Amino acid sequence: MLDNLSEQEQLNLKNARVLYYDFFNGLLVFEMLEERAGIAKEQLEILLNAPLNQEVEGSMLLLKQELEDNGIQNIKEEFSRLFALPFGGKQVGMHLSHYYENCIGGQSLLKIRALMKGSDVRVNTENFKETEEHLGFLCGFMRYLIEKENVELAKEVFLFSQKAFLGWVDELKARSDAKFYLALALIVESFMKFEMEFYS
């Protein structure tokens, strides 16, 4: 895919992919939501300059409008309802093992930890309450690997985790009470399809 691109186009593509992963990372980790409200709005403004498709553009505009009108509060409440609270609807899974083994902390966690040994990233449990198989963490890890141009490891992590991300999208599509995270899921879905092309 990169063969026909100029150096500048390759750099632009790298920066766009880093931006997408960072945007997802900020909205998929509960502890980051408060500090990322302003950053997410700025990121959406940049991403709206060249959305992946019309559906993605609509989802981005919905999220941007919400952040402008109400800040992060309603998004935080929806995060808690969908991903954290056990009552109400069934919790939407946020871990690889949920999608691959129907548990948390299964073989998928061990696989990601083994892959991480190929990088210099180590999880700081003071700042991050989740394990390495958490989808939010994986977005941050992918962003880091792309920034560092660790192409082979980024490809391995992506190919291992992509089906879980698409499973996450499907779980959100099935929820009648998802609004902001459904919008995010539609952006993730289109981006994952783009990444599959990139890594094919």
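Helices (H or I, at least four residues) and strands (E, at least two) are DSSP runs, numbered from the N terminus. This is a predicted model, in which local features need pLDDT of at least 70, side-chain atom pairs count only at pLDDT 80 or more, and totals for chains, interfaces and linings use all residues. Residues are numbered from 1 along each chain as its sequence is written, and side-chain values use heavy atoms, without hydrogens and water.

**View 1. Helices of the protein.** The protein has 9 helices and 0 strands. From the N terminus the order of elements is α-α-α-α-α-α-α-α-α.

**View 2. Overall dimensions and burial.** The C-alpha trace spans about 50 × 40 × 30 Å along its principal axes. Of the 200 residues in the protein, 49% are buried (under 20% relative accessible area, with a 1.4 Å probe and protein chains only).

**View 3. Contacts across the sequence.** Contact means heavy atoms within 4.5 Å. Among contacts between residues at least 6 apart in sequence, 65% join residues at least 24 apart.

**View 4. Surroundings of Ala164.** Ala164 lies in helix α8, which covers residues 151–173. Ala164 counts as buried because its relative accessibility is 0%. Apart from neighbours within four places in sequence, Ala164 is in contact with Leu96, Tyr99, Tyr100 and Leu135.

**View 5. Ala164 and Lys193.** These two residues, Ala164 and Lys193, are 29 residues apart in sequence. In space, the C-alpha to C-alpha distance between Ala164 and Lys193 is 13 Å.

Technical notes. Buried means under 20% relative accessible area, exposed over 50%, partly exposed in between (1.4 Å probe, protein chains only).
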